Amino acid sequence: MRDLFHFIKNVTPISEESWKSIEKISEITEAPKKTILTSAGDFPKFIYFLSSGTARGYVTNTNGTEYNKALFTEKMFFGALGALIKKTTTQVSYQTLSKSKLIKIDFVKFLELVESNTEINKFYIKILETIFLRLETRDLEMVTLNATQRYINLRERIPTIDKLFSQYNIASNLGITPIQLSRIRKTLPKE
């Protein structure tokens with residue numbers, strides 16, 4: 001749980017009292033590789049902080065083909081935020097890709113803290129800004145860059161991406177096939 005505390009303190013100052021409020025609505029859990037945390041069609045209840053491991057958010061089309069919407073590494077928040085905010089079912093499934101240590105936070109109770117606690121409110125705003133900027137960057141890259149440049153940018157953001165995620169998951173996140181990713185890798189200098 002201290003991972004989350006230090007993460008929050010690095011984002012914005014937080015008192016011990018405010019931290020204890022967050023701690024009360026949070027639970028540490030471990031999940032084996034390929035654990036589905038939230039499935040499309042669920043009414044989600046939690047947001048997650050990834051203390052260790054990797055995860056993904058993905059959608060499945062009517063043919064059963066999966067497309068990664070996002071990849072998550074240590075010290076990242078994730079979950080069906082849109083569905084949580086709108087109080088609807090989610091279209092996105094969330095799954096661990098490796099053995100993971102997670103902190104799950106009751107979102108309704110967290111929002112109550114956001115409304116009543118200025119420090120937690122500031123933290124929430126900073127996290128939402130971070131998520132917005134990450135999504136905006138991804139959207140812009142998908143429409144303005146070719147697959148090679150998107151892969152290079154992804155490697156810059158996550159230098160160990162090729163060790164953390166399978167070729168399939170990286171390719172899916174880039175919107176290309178694993179074969180295309182393999183061809184791109186062959187054209188780039190070795191790291």
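## Strand pairing

Two strands pair if DSSP finds at least two bridges between them. Helices (H or I, at least four residues) and strands (E, at least two) are DSSP runs, numbered from the N terminus. The model is predicted: local features need pLDDT of at least 70, side-chain atom pairs count only at pLDDT 80 or more, and totals for chains, interfaces and linings use all residues. Residues are numbered from 1 along each chain as its sequence is written, and side-chain values use heavy atoms, with hydrogens and water left out.

Strand S3 covers residues 46–52. S3 pairs with strand S8 (residues 100–106) in the antiparallel sense, over six bridges. Phe46 faces Asp106 of S8. S3 also pairs with strand S6 (residues 76–78), again antiparallel, over three bridges. Here Leu50 has Met76 of S6 as its bridge partner.

Buried means under 20% relative accessible area, exposed over 50%, partly exposed in between (1.4 Å probe, protein chains only). Five of the seven residues of S3 are buried, so the strand is largely enclosed by the rest of the structure.

## Nonpolar cores

A nonpolar core is a set of buried Ala, Val, Leu, Ile, Met, Phe, Trp, Tyr and Cys residues joined through side-chain atoms within 4.5 Å. The largest has 25 residues. Leu4, Ile22, Ile47, Phe77, Ile105 and Phe110 have the most contacts inside it. At least two core residues come from each of H1 (2–11), H2 (16–24), S3, H3 (81–86), S8, H4 (107–116) and H5 (118–144). H5 gives the most, with five residues.

Contact means heavy atoms within 4.5 Å. Leaving aside neighbours within four places in sequence, Ile105 touches Leu4, Ile25, Ser26, Lys45, Phe46, Ile47, Phe77 and Phe110. Another core, of 15 residues, lies apart from the largest one; Leu97, Ala147, Tyr151 and Leu154 are among its members.

## Helix packing

Two packed helices are described by the angle between their axes and the distance between the axes. The axes of H1 and H5 (lines fitted to C-alpha atoms over the stretch in contact, with angles from 0 to 180 degrees between N-to-C directions) come within 10 Å and cross at roughly 85°. That makes H1 roughly perpendicular to H5, a label for angles of 65 to 115 degrees. Phe7, Ile8 and Val11 in H1 meet Phe123, Lys126 and Ile127 in H5.

## The H4–H5 loop

Asn117 sits in the loop between H4 and H5. At 16% relative accessibility, Asn117 counts as buried. A polar atom of the Asn117 side chain lies 2.9 Å from the backbone nitrogen of Glu119.

Note on methods. A polar contact is a pair of N or O atoms within 3.5 Å; within protein, one must be able to donate a hydrogen and the other to accept it, and residues adjacent in sequence count only if both atoms are side-chain atoms. Angles under 35 degrees count as roughly parallel, over 145 as roughly antiparallel, 65 to 115 as roughly perpendicular and the rest as oblique.
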